[in-house]
Amino acid sequence: MSAQKKVAFYTLGCKLNFSETSTIARNFQDEGFTRVDFEEQADIYVINTCSVTDNADKRFKTIVKNALKKNENAFLIAVGCYAQLKPEELAAVNGVDLVLGATEKFKVTDYINDLSKNDLGEVHSCEIEEADFYVGSYSIGDRTRAFLKVQDGCDYKCTYCTIPLARGISRSDTLENVLQNAKEISERGIKEIVLTGVNIGDYGKGEFGNKKHEHTFYELVQALDKVEGIHRLRISSIEPNLLKDEIIKFVSTSNSFVPHFHIPLQSGSDEVLKKMKRRYMSDLYVNRVTRIKETMPNACIGVDVIVGFPGETDELFLETYNFLNQLDISYLHVFTYSERDNTEAANMEGVVPKNVRAKRSKMLRGLSVKKRRAFYESQLGTTHTVLFESENKEGYIHGFTENYVKVKTPWNPKLVNELHEITLTKIDEDGSVRFDWVHQPTEKTVNLSELI
């Protein structure tokens, strides 16, 4: 394959998808392709799809159109969760040449010997039962933090979720491989690693192709904490029933793990949680939040919640709203329920009208703004370490403290990927936080010509 061939990538969905896109991109680069930005002209465009929300399905067609505007003869490849669930649907989208399912996406370069356009997209997708092997991934190169995949698939049977259908059974990377990947990331000068997977608290299951846990998530956390050169480790999202006391306690005294937890709730109503077939009730969730705040008062706690699930009456929604309002959490990720083929919930009674779903979503988004503001206010006057990011946004550089407070200061390229101690002082109009330097970074100052 000519070294001149250019490939571009677009990722929809979660952190796990970002880590996998990076791995697929490195496979292309190993084959002599040049990676370019998706906004540039390329010979091949790879779109890593998501199936979690309705919106992701619709956005796919728009992304394909945008790619074809750059190069109408480009070879278009769809991979990822939606490609596994609805391969024929994606193959029928005008301009799509190749659709690869769960087991094929990491072998994409094997399928592109001929880059001539197809009248109809060619599909290679497996029965999901065949997705029983593990491919390790991590993302680098485009951020000051890396997403490190440690686990894939899920054995839970939540009634609204297609992820087990899209990604297969729960399986894990070996401890040795995770530690090796973490070491490689740290050697590249990346300061923060975010652990990612579908159900990372289930880590260790299927580590050696069997169902028993060879290692636990707690053991993984302990081992990663000893890897030299990593300044920060962040747990992306963990089920409340798998967030054990020992993990919370370990994070509170850890060298590298930061006091930031993202814990899916989905509903504050026990009646709805039962219908969703979640593996806990609301009292366990309260217990986890309380335990975190007891050991780490400044910890940031994010919550996933779904509105408009079948059977969610006004009263049950208010139960969720009041539950979250009273809870000491920091922000919400709100998902509006959307029906998914081959899920139990799609056939349940008590369908909530779309306009009611939208109204409830708006209410919880408003609550999230209030919660984040209250959390930020509680942090004013406290001292933290910030990691600055690489983007110049309207003359400012942004960064996140270890407990996920977003801060800003006038743009200075010398601060990128740097850790600095700061004291939070006030909340800006855009919601981010201003600060004072604990130690003024005088050696980092630059002259005006460098900023222009």
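This is a dialogue about reading features in a predicted model.

Trainee: What should I know about the model before I start?

Mentor: The model is predicted, so local features need pLDDT of at least 70, side-chain atom pairs count only at pLDDT 80 or more, and totals for chains, interfaces and linings use all residues. Residues are numbered from 1 along each chain as its sequence is written, and side-chain values use heavy atoms, with hydrogens and water left out.

Trainee: How many helices and strands are in the protein?

Mentor: Helices (H or I, at least four residues) and strands (E, at least two) are DSSP runs, numbered from the N terminus. Here the protein has 13 helices and 19 strands.

Trainee: What share of the residues is buried?

Mentor: A residue is buried at under 20% relative accessible area, exposed at over 50%, and partly exposed in between, with a 1.4 Å probe and protein chains only. Of the 452 residues in the protein, 55% are buried.

Trainee: Which residues touch the most other members of the largest nonpolar core?

Mentor: In soluble globular proteins, nonpolar side chains tend to be buried together. A nonpolar core is a set of buried Ala, Val, Leu, Ile, Met, Phe, Trp, Tyr and Cys residues joined through side-chain atoms within 4.5 Å. The largest one has 67 residues, and L195, F217, L324 and L364 touch the most other members. A second, separate core has 23 residues, including I63, L90, V96 and V99.

Trainee: What is F217 in contact with?

Mentor: Contact means heavy atoms within 4.5 Å. Apart from neighbours within four places in sequence, F217 is in contact with L195, I200, G201, Y203, I235, I238 and I247. Across the protein, 72% of the contacts with a separation of 6 or more are between residues 24 or more positions apart.

Trainee: How many aromatic pairs does the structure hold?

Mentor: Rings of Phe, Tyr and Trp (its six-membered ring) pair if their centres lie within 6.5 Å; planes under 30 degrees apart count as stacked, over 60 as edge-to-face and the rest as tilted. The structure holds 16 such pairs. One of them, F38 with Y45, is edge-to-face, at 5.1 Å centre to centre and 70 degrees between the planes. F38 and Y45 are both buried.

Trainee: Why is the pair of F388 and F435 tilted?

Mentor: The ring planes of F388 and F435 are at 50 degrees, with centres 6.2 Å apart, so the pair is tilted. F388 is in strand β15 (residues 383-393) and F435 in strand β19 (residues 433-437), so this pair ties together parts that are 47 residues apart in sequence. Both F388 and F435 are buried.

Trainee: Which charged residue sits over the ring of Y396?

Mentor: A charge sits over a ring if NZ of Lys or CZ of Arg is within 6 Å of the ring centre and within 35 degrees of the ring normal. For Y396 the residue is K408, whose charged end is 4.1 Å from the ring centre. R26 lies over the face of Y138, 4.3 Å from the ring centre.

Trainee: Where does H420 lie, and what is it in contact with?

Mentor: H420 is part of strand β18 (residues 419-427). H420 counts as buried because its relative accessibility is 11%. Beyond neighbours within four places in sequence, H420 is in contact with H384, T385, V386, F388, L415, W437 and P441.

Trainee: How many disulfides does the structure hold?

Mentor: A disulfide is a pair of cysteine sulfur atoms within 2.5 Å. The structure holds zero. C14 has C50 as its nearest cysteine sulfur, 6.5 Å away. For C81, too, the nearest cysteine sulfur is that of C50, at 6.5 Å. C14 is partly exposed at 39% relative accessibility, whereas C81 is buried at 8%.

Trainee: What is the phi of N342?

Mentor: Most residues other than glycine have a negative phi. N342 is not a glycine, yet has a positive phi of about 65 degrees. N342 is in the loop between β14 and α12 (354-379) and counts as exposed, at 72% relative accessibility. N417 also has a positive phi, near 60 degrees. N417 lies in the loop between β17 (406-410) and β18 and is buried, with a relative accessible area of 19%.
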